[in-house]
Amino acid sequence: MTNWAKKRERKNEVKQRAAEPSHMFSRCRVVGCGNPARAGTEDGLDTRFCRHHADHYSRHGSPYRRSYMAKELAPYRKTANAWLEANAEDQWVRNAVDRVETLYGAAGPHIEAFRLRGLSPEGRSKAAWARLRKAKIEPRRVIAAWIAVEMAIAADPQADRKSEYKRVQVAKLVHRMASGTHKRWETGPGGVRELHVYPRSRGRVLRHIGGDIEEATALLIEHVALPTLAISNRQNGDHR
């Protein structure tokens with residue numbers, strides 16, 4: 001059986017199972033939500049969340065907490081970038097930079113954003129690293145994104161502190177650094193045509209990217225006292 005036939009068979013199986021709702025899952029797990037989980041409807045197989053909270057979880061890494069906005073993370077990113085620049089020769093900073101460069105090198109060939117259809121989530125995550133490599137994104141910017149999110153979560157009394165939320169928040173930041181494919185060409189008398197395609201920033205792709213960054217920065221985070229960075233941030237007047 002070919003891979004395409006296997007995918008079609010799996011898709012039909014899932015569709016058939018989704019069409020037979022289970023009354024065991026009558027409530028979404030998010031406190032205060034009165035909707036049934038998707039497995040309790042004909043809308044899917046999710047036994048935990050309703051459609052709204054399942055989509056929210058896919059995009060943000062948490063079924064109830066939203067993602068941090070760019071302006072919220074900006075002061076933390078500024079502090080993280082400044083710290084990394086000042087400590088560029090530190091062995092743990094160099095280790096993290098080397099690990100990000102390894103992610104770039106192991107990502108495989110660059111794939112245009114409009115050619116991602118059919119790739120697995122892991123394949124799409126590798127394509128994202130290849131786009132970052134092609135865009136020549138400085139590895140320290142990737143590392144700074146992780147430190148910034150660490151700092152933001154530490155300072156947020158209502159933060160979702162699960163590892164998955166952190167990974168997704170960092171991945172969303174990094175994904176935007178080189179997120180799309182942009183082409184421009186002459187069409188003769190008709191003028192210029194442009195193509196702008198952006199991969200979706202959600203789902204398992206973000207989990208793979210975030211996991212890669214977590215692993216790349218693990219030794220740095222282990223040896224850096226983040227409260228020191230947070231104190232520096234407050235002293236600079238950037239703490240939100």
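Entry 1, terms. I take a cavity to be a set of grid points where a 1.4 Å probe fits but cannot get out. The model is predicted, and totals for linings use all residues.

I looked for cavities of 30 Å³ or more and found 1 in the structure. I noted a volume of about 30 Å³ for the largest cavity.

Entry 3, lining. Which residues line the largest cavity? I listed S67, Y68, L73, Q169, K172, L173 and R176. Sorted by class, I have 3 nonpolar, 2 polar and 2 charged residues in this lining. I also checked which element gives the largest share of the lining: helix 7 (residues 163–175), with 3 residues.

I turned to helix 3 (residues 70–86) and helix 6 (residues 139–155), whose axes lie 8 Å apart. The packing angle is about 130 degrees. Angles over 145 degrees count as roughly antiparallel and 65 to 115 as roughly perpendicular, so I put helix 3 and helix 6 down as oblique to each other. I recorded the crossing of the two helices as right-handed.

What does helix 3 bring to its contact with helix 6? From helix 3 I wrote down L73, Y76, R77, T79, A80, N81, L84 and E85. On the helix 6 side I have R140, R141, I143, A144, I147, A148, V149, M151, A152 and A155. By class, I logged 12 nonpolar, 2 polar and 4 charged residues for this contact.

Notes
Residues numbered from 1 in each chain as written. Predicted model: local features only at pLDDT ≥ 70, side-chain atom pairs only at ≥ 80, totals over all residues. Heavy atoms only, no water. Axes fitted to C-alpha atoms, helices over the stretch in contact; angles between N-to-C directions. Helix = DSSP H or I, 4+ residues; strand = E, 2+ residues; numbered from the N terminus. Parallel < 35°, antiparallel > 145°, perpendicular 65-115°, else oblique. Left-handed = near helix turned anticlockwise from the far one by under 90°. Contact = heavy atoms within 4.5 Å. Nonpolar A, V, L, I, M, F, W, Y, C, P; charged D, E, K, R; others polar. 1 Å grid on protein atoms, 1.4 Å probe; cavity = no way out; pocket = protein on both sides within 12 Å on 5 of 7 lines; lining within 4 Å. Points joined across faces, edges and corners; volume = space filled by probe spheres on them.
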